[in-house]
Protein chains: 4
Amino acid sequence: MIPVGIVGGSGYTGGELLRLLSAHPQAEVVCVTSRRLDGKPVISAHPHLNGFIDLEFQNLDAAEVAEKCDVVFTAVPHGSAMDVVPQLLDGGTKVIDLSADYRLPSNIFQQVYNLDHRAPRDAVFGLTELHPEVADATLVANPGCYPTGATLAAAPMVNAGLVESVVFDSKSGISGAGAEPTTVSHYPNMAENIQAYKLTTHRHGAEMRQELGRLDNNVKVSFTPHVIPSVRGILTTAHLFLKEKIDATHVADIYQQFYINKPFIRLLNNIPVLGAVRGSNFCDIGFEMDAERLVVVSAIDNLVKGASGQAIQNMNLMFKLDETTGLWTPAVFP
Amino acid sequence: MIPVGIVGGSGYTGGELLRLLSAHPQAEVVCVTSRRLDGKPVISAHPHLNGFIDLEFQNLDAAEVAEKCDVVFTAVPHGSAMDVVPQLLDGGTKVIDLSADYRLPSNIFQQVYNLDHRAPRDAVFGLTELHPEVADATLVANPGCYPTGATLAAAPMVNAGLVESVVFDSKSGISGAGAEPTTVSHYPNMAENIQAYKLTTHRHGAEMRQELGRLDNNVKVSFTPHVIPSVRGILTTAHLFLKEKIDATHVADIYQQFYINKPFIRLLNNIPVLGAVRGSNFCDIGFEMDAERLVVVSAIDNLVKGASGQAIQNMNLMFKLDETTGLWTPAVFP
Amino acid sequence: MIPVGIVGGSGYTGGELLRLLSAHPQAEVVCVTSRRLDGKPVISAHPHLNGFIDLEFQNLDAAEVAEKCDVVFTAVPHGSAMDVVPQLLDGGTKVIDLSADYRLPSNIFQQVYNLDHRAPRDAVFGLTELHPEVADATLVANPGCYPTGATLAAAPMVNAGLVESVVFDSKSGISGAGAEPTTVSHYPNMAENIQAYKLTTHRHGAEMRQELGRLDNNVKVSFTPHVIPSVRGILTTAHLFLKEKIDATHVADIYQQFYINKPFIRLLNNIPVLGAVRGSNFCDIGFEMDAERLVVVSAIDNLVKGASGQAIQNMNLMFKLDETTGLWTPAVFP
Amino acid sequence: MIPVGIVGGSGYTGGELLRLLSAHPQAEVVCVTSRRLDGKPVISAHPHLNGFIDLEFQNLDAAEVAEKCDVVFTAVPHGSAMDVVPQLLDGGTKVIDLSADYRLPSNIFQQVYNLDHRAPRDAVFGLTELHPEVADATLVANPGCYPTGATLAAAPMVNAGLVESVVFDSKSGISGAGAEPTTVSHYPNMAENIQAYKLTTHRHGAEMRQELGRLDNNVKVSFTPHVIPSVRGILTTAHLFLKEKIDATHVADIYQQFYINKPFIRLLNNIPVLGAVRGSNFCDIGFEMDAERLVVVSAIDNLVKGASGQAIQNMNLMFKLDETTGLWTPAVFP
């Protein structure tokens with residue numbers, strides 16, 4: 001069993017790591033930290049895990065955690081991870097960081113987050129299907145939830161050099177905003193509504209540009225996020241404007257070849273829905289064409305493929321396990 | 001035009017008073033107070049009223065408000081109203097208090113709210129259909145939302161002396177908990193859920209016991225509230241255990257006679273739903289019988305008949321207007 | 001009082017016409033037809049209108065309806081309206097048709113709906129803010145719900161000749177799909193989901209192209225609709241790609257001038273939300289810019305400004321009433 | 001591996017059996033029948049199982065199914081199961097029937113369902129915690145969803161002889177009504193609503209009376225069901241009127257002893273919520289007391305502990321496996 005640590009385990013991504021790891025046959029969570037809940041049972045923050053985890057939250061001692069664990073998931077806010085990750089790495093453990101701190105080169109990070117990067121390290125961007133080199137990484141920067149769904153939707157066409165520009169119009173469940181009550185997450189504000197926000201300035205745009213730019217340096221990327229009255233899931237509507245008209249069969253071929261042997265990508269003949277991926281690590285992808293554009297839709301669970309599930313997928317590769325170990329469960333529908 | 005003041009106008013009941021009064025042909029809101037938002041436009045807290053009210057929030061000066069207004073609605077938390085209401089009354093204005101401070105005799109209030117009553121005054125309990133003496137009151141204590149729906153469901157049978165005991169199992173939209181985000185109102189906690197709370201100790205039970213006790217001193221009243229993933233509305237399932245078996249026609253007669261000439265009570269041949277009352281001042285009532293008990297269901301909009309609408313209904317009577325003035329609008333469905 | 005008829009009054013737009021007209025001081029509904037519910041009380045289909053309308057549904061006799069009414073709203077499916085509208089017009093009444101039958105020139109209609117047009121007539125496209133000539137029309141083709149929100153969002157910029165192309169990504173409440181249960185509207189399919197559909201082929205695209213094409217013949221229009229787990233409302237995210245960069249103040253000026261004296265357009269400094277328009281006839285508009293594009297968001301209630309409210313707005317103009325008569329009510333929030 | 005058949009596999013309970021069995025280490029689904037979908041891939045009805053099951057639906061041949069399978073789950077409507085179950089049993093397979101046909105003695109069944117029972121057989125009522133004799137059954141009648149949550153909430157107190165009467169006020173997610181769209185499940189009817197139905201006559205009351213009557217013949221049972229705007233879950237509020245006052249510690253003891261070694265019953269110190277059981281086989285139970293009554297709240301997932309999960313729990317016992325095999329997974333929250 002791989003001894004696993006979770007730093008910052010009181011939020012939704014922490015809870016989801018614990019939920020998913022409770023079914024993992026080769027990994028065992030041996031410590032979960034939370035400054036705020038130090039000494040409290042982990043199930044006090046995650047009552048749905050009652051019966052599945054007996055640990056108490058502890059205050060973070062990076063050296064001790066590194067000592068105990070072969071891999072540590074850091075699920076702390078951006079700007080905080082950079083204070084923890086280097087100590088953990090220096091303690092000899094592998095780290096999978098779910099924050100934004102290691103996803104971008106430091107200069108870009110500083111621009112986008114308006115924050116000095118105090119402790120840059122080499123990291124592999126953990127969008128598993130695009131980065132097989134995760135297998136050899138000691139530090140993986142797990143991608144943002146929006147960039148995961150958006151990049152996977154467009155990557156095959158961009159990689160084929162066929163895309164002039166893409167507009168990502170993404171719709172996320174509100175769990176992406178975290179476990180703390182806010183004005184946005186207040187039920188009367190969210191129910192019977194859909195909230196567009198940061199229409200042109202959401203930070204996740206930078207990850208999309210980085211990843212798609214790697215495939216085709218000239219592609220233009222626009223991104224607008226929304227929150228919908230749903231808890232889990234991100235549906236991304238990717239409006240792709242192509243350099244030339246191609247036919248639908250060709251598009252289907254491009255996707256199939258690009259995602260061959262990628263077990264968590266399911267290519268559909270129809271339009272994905274959130275219900276078919278909820279609670280699972282799948283990314284479902286479907287599309288329709290007209291003369292002017294290709295519209296690709298992807299559906300993920302933001303807390304699984306968009307966060308904790310993909311983190312475990314990365315862990316599997318880093319420990320030479322089958323990519324699907326502990327993650328091969330269907331969605332919970334209805 | 002009756003000059004109207006609203007003390008504590010930044011919350012949901014304040015907003016609902018403003019919405020409803022914007023359509024009232026005989027009343028005009030002339031001041032709205034809020035300590036927190038002093039100087040800000042009223043529409044900053046209520047963007048849906050953009051175009052309907054030009055006032056700014058002001059800090060409360062009770063003497064000035066009493067001077068300007070013929071009637072003042074106080075929509076402040078319980079425990080605060082008692083510091084404001086007497087000053088307003090002494091300033092010569094009528095007051096309709098939406099807090100709990102004047103609904104119960106002071107000794108009961110102190111027991112139930114665990115709070116000394118610093119300023120008792122005579123008040124009429126503003127459950128309009130049961131208290132025609134509202135017309136002559138200078139201080140009306142507007143009832144709680146749960147007591148409104150529950151009492152109206154059971155009153156005719158209790159008044160007829162037929163009820164041994166009643167269990168009110170009430171289900172409320174989350175707007176009843178107010179405009180401030182809380183753990184309970186956090187979308188991921190409320191969606192796909194229903195939360196029972198204060199299973200045996202909710203304070204509104206005292207109002208139900210007072211009002212039904214006036215009709216039959218021996219009736220036993222139990223009450224359990226829940227919040228459901230809806231914004232507006234309270235559905236009350238009243239399980240009435242009768243002293244003797246009676247037939248359904250007799251029950252229907254009792255309700256019709258009791259609510260004759262009560263325009264906001266609609267007696268149905270089927271089971272009420274929240275959609276048919278949303279946004280309106282109606283209380284819909286329906287029932288079914290079996291050998292053992294009579295199950296009566298009532299549906300109200302908690303912010304209208306359960307709060308601001310009933311307050312205006314009371315104002316109408318206090319100013320010798322038709323009870324329905326400004327309130328005769330259908331529900332918004334779907 | 002203007003005597004009003006409603007042909008096809010059992011659905012959601014019929015119910016909404018009845019709800020709104022119940023508050024109209026100058027109009028009175030004198031007949032409501034429904035083949036299926038002939039002889040049944042209107043409130044059997046619309047229980048929320050209990051107390052507001054005493055009529056029974058009747059089978060359609062076009063001559064009789066035209067005789068009785070000065071204006072008739074036709075709320076029947078596309079393809080059916082063309083069998084009714086000409087008879088009504090020939091009977092001497094004005095008609096406001098809520099179906100798609102008279103929105104497009106017959107040749108375009110035939111292409112888009114794959115249906116011969118059996119009875120073309122001259123009609124004015126009833127997007128009120130863009131078509132003041134509604135005032136002189138005898139037949140108004142009330143626009144689709146999506147085209148209303150989308151066109152209003154983009155029209156000022158297109159009219160200014162500044163737009164190269166626009167992507168409308170629209171999100172609608174499910175009430176737009178009507179009162180009949182379907183697989184899409186089945187609660188377990190809709191809850192916690194968002195369903196993209198007709199990614200490139202929705203028929204409402206033709207209306208957008210027609211209306212924006214009138215303002216600038218060269219603008220390229222793309223449209224993808226979604227249904228969200230909400231009952232009412234359409235939020236349209238309009239991604240506008242401009243011919244040249246302009247600054248935000250200039251954009252604001254263009255919108256203000258274009259919509260001067262248009263009481264139902266509210267230009268916001270922030271991003272519109274559905275809650276602020278629910279139940280009302282407003283269209284709220286806000287925007288943000290980046291170097292590459294202008295993102296404009298509009299919010300309407302699909303059943304009001306997107307259908308029945310705008311139809312009454314048109315009626316007001318056709319009868320030389322103030323545009324806002326009977327419609328000047330704020331949204332119901334929360 | 002135990003070869004398993006599912007008769008009537010196109011609905012929600014069929015889908016849930018497939019989902020749960022996909023994780024069961026000792027059972028393998030070898031045939032799934034559906035008359036309507038004969039020849040279609042199972043994933044055409046259950047797209048969320050894409051990748052987890054390769055079978056096609058087949059038309060039912062009872063002899064063949066019995067031949068192939070060691071156990072068959074019948075998930076067909078009540079009134080149909082009695083035409084299938086005897087043939088399966090006679091073919092030598094064990095049967096777990098999820099319909100109502102074998103839950104009640106035939107005479108009671110005929111009364112309650114107003115239907116002659118054409119093929120009575122001996123069956124064990126499969127409320128696992130109360131019926132250890134399931135282990136030796138060849139036919140298990142899996143309980144209704146409401147009776148599961150309600151009976152488990154009240155059984156310990158009734159068994160202790162302390163309960164005079166109980167009112168079950170239950171709130172169910174709409175998935176309990178099945179996969180076919182209906183007026184009740186139409187999103188605009190269900191959203192922002194809660195629908196009480198069959199206030200005094202729901203058939204599941206008979207199962208509650210049977211099971212609690214076994215523990216104390218004199219207890220009076222009332223039951224009113226509701227559907228709430230949630231997909232999964234049943235929260236039951238059990239209002240227990242006791243013969244004598246007892247203290248809360250005593251109550252807690254009674255529950256702990258009654259449910260000792262019952263892994264799927266979690267006794268809480270607070271009030272259960274649906275989120276903590278969603279997708280899992282747990283029944284969470286909590287309570288509060290006042291002088292007059294004990295209010296016990298139970299939470300289950302109606303499709304798991306209320307149907308397919310409990311069915312598999314029964315299968316485990318029937319095959320001498322650990323009760324939790326394949327079912328020991330936490331809820332999916334948020």
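This is a predicted model: local features need pLDDT of at least 70, side-chain atom pairs count only at pLDDT 80 or more; totals for chains, interfaces and linings use all residues.
**Entry 1: chain A against chain C**

I looked up the contact between chain A and chain C first. Chain A puts 37 residues into the contact, and chain C puts in 38 residues. I then listed which elements of chain A supply at least two residues each to the side that touches chain C. They are strand 8 (163-173), helix 7 (187-190), strand 9 (195-196), strand 10 (220-228), strand 11 (234-242), strand 13 (283-289) and strand 14 (293-300). Strand 10 of chain A gives the most, with four residues. I also sorted this side of chain A by class and found 17 nonpolar, 11 polar and nine charged residues.

**Entry 2: how chains A and C are related**

I then checked which surface each copy uses. Of the interface residues of chain A, 100% are also interface residues in chain C, so the copies meet through the same surface.

**Entry 3: chain B against chain D**

I turned to the contact between chain B and chain D. Here 38 residues of chain B touch 38 residues of chain D. On the side of chain B that touches chain D, two or more residues each come from strand 8 (163-172), helix 7 (187-190), strand 9 (195-196), strand 10 (220-227), strand 11 (234-242), strand 13 (283-289) and strand 14 (293-300) of chain B. By class, I noted 17 nonpolar, 11 polar and 10 charged residues on this side of chain B.

**Entry 4: the domains of chain A**

I went back to chain A for its domains. The domain assignment gives domain 1 (2-121) and domain 2 (145-301). How far apart do the C-alpha centres of domain 1 and domain 2 of chain A lie? I noted 27 Å. The contact between them in chain A takes seven residues from domain 1 and seven residues from domain 2. On the domain 1 side, helix 5 (residues 106-113) of chain A has the largest share, with three residues. I sorted the residues of that side of domain 1 as five nonpolar, one polar and one charged.

Note on methods:
Residues are numbered from 1 along each chain as its sequence is written. Chains are lettered from A and ligands numbered from 1 in the order in which they are written. Two residues are in contact if their C-beta atoms, placed from the backbone, lie within 7 Å. Ala, Val, Leu, Ile, Met, Phe, Trp, Tyr, Cys and Pro count as nonpolar, Asp, Glu, Lys and Arg as charged, and the others, Gly among them, as polar. Domain bounds come from an automatic or database domain assignment.
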